Amino acid sequence: MNRSRFLGLFQSGFGLLAITPSLFIACKETEFVAPELSEAELAYLDLKNKTKETGFHLEGKTLSIDLTHEKYSQLQTVGEFVNDLEHYILILRKSVEEIVANSNCCPHLGTINQWSYDGSKFRCGNHGNSYGTSGLNGFSGCSSGRNSGQLKQYPTERNKDIVTIDLSS
Ligand code: FES
């Protein structure tokens, strides 16, 4: 290597060294900062994690279900329902916005597994009685002998595709 080539390389290296500090400053300024999540977003992520295996998470009398899990995915369609025999509830996609949860215990004689839905009422196939879904306050009690009225309804809350059902009442 001749002297002038060596000096040329040295000068270009020195030039790079001279701009390097400004490169570091630029990197610091564009450092990734995670966005702060709201409490609702954190609660949602927590429940997504807790429901990912079984589709649900039960904490005391509070049941959370994930509408994207195969166990509950029917509820993405209006008019469809899931008879959740494990938790004794009928969960109905009543409209685009509304998901309701009712007791699956028939007010007549307590049958839990013969339900169909006709678009406005649940019908128990055991003796053919039909019941509405609006029993948040007044309802026909489980196995009370009533052959009409409303099924007991449980309060629900929705956070994106997670539905939380309060079974305490
Ligand atoms: S048990 Fe349901 S209609 Fe009789």
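**Notebook: burial, strands and aromatic pairs**

I began with burial: 31% of the protein's 169 residues count as buried, where buried means under 20% relative accessible area, exposed over 50%, and partly exposed in between (1.4 Å probe, protein chains only). I note that this is a predicted model, in which local features need pLDDT of at least 70 and side-chain atom pairs count only at pLDDT 80 or more, while totals for chains, interfaces and linings use all residues. Residues are numbered from 1 along each chain as its sequence is written, and side-chain values use heavy atoms, with hydrogens and water left out.

**Entry: overall make-up**

I looked up the secondary structure and found two helices and 11 strands. Helices (H or I, at least four residues) and strands (E, at least two) are DSSP runs, numbered from the N terminus. Along the sequence I read the pattern α-α-β-β-β-β-β-β-β-β-β-β-β.

**Entry: strand E5 and its partners**

I turned to strand E5 (residues 99-103), where five of the five residues are buried, so E5 is largely enclosed by the rest of the structure. Strand E4 (residues 89-93) runs antiparallel to E5, and five bridges join them. A hairpin of five residues connects E4 to E5. Within this pairing, I located Leu90 opposite Asn102 in E5. E5 also pairs with strand E9 (residues 150-154), in the antiparallel sense and over two bridges. There I found Ala101 with Tyr154 of E9 as its bridge partner.

**Entry: aromatic pairs**

I next searched for ring pairs. Rings of Phe, Tyr and Trp (its six-membered ring) pair if their centres lie within 6.5 Å; planes under 30 degrees apart count as stacked, over 60 as edge-to-face and the rest as tilted. The ring centres of Phe81 and Phe122 are 5.1 Å apart and their planes stand at 85 degrees, so I recorded the pair as edge-to-face. This pair links distant parts of the chain, with Phe81 in strand E3 (residues 81-84) and Phe122 in strand E7 (residues 122-124), 41 residues apart. Both Phe81 and Phe122 are buried.

For Trp115 and Tyr131, the centres are 6.2 Å apart and the planes at 75 degrees, so this pair is edge-to-face. Here too distant parts of the chain are linked: Trp115 belongs to strand E6 (residues 115-117) and Tyr131 to strand E8 (residues 130-135), 16 residues apart. I found Trp115 buried at a relative accessible area of 9%, and Tyr131 buried at 0%. Ring pairs join Phe81, Trp115, Tyr117, Phe122 and Tyr131 into a cluster.

**Entry: a charge over a ring**

I checked for charges over rings, which requires NZ of Lys or CZ of Arg within 6 Å of the ring centre and within 35 degrees of the ring normal. The charged end of Lys160 sits over the ring of Tyr44, 4.4 Å from its centre.

**Entry: residues Leu45 and Asn129**

I placed Leu45 in helix H2 (residues 39-51) and found it partly exposed, with a relative accessible area of 45%. Asn129 lies in the loop between E7 and E8, yet I found Asn129 buried, with a relative accessible area of 15%. The C-alpha atoms of Asn129 and Pro107 are separated by 9.1 Å, the two residues being 22 residues apart along the chain.

Note on methods: Two strands pair if DSSP finds at least two bridges between them.
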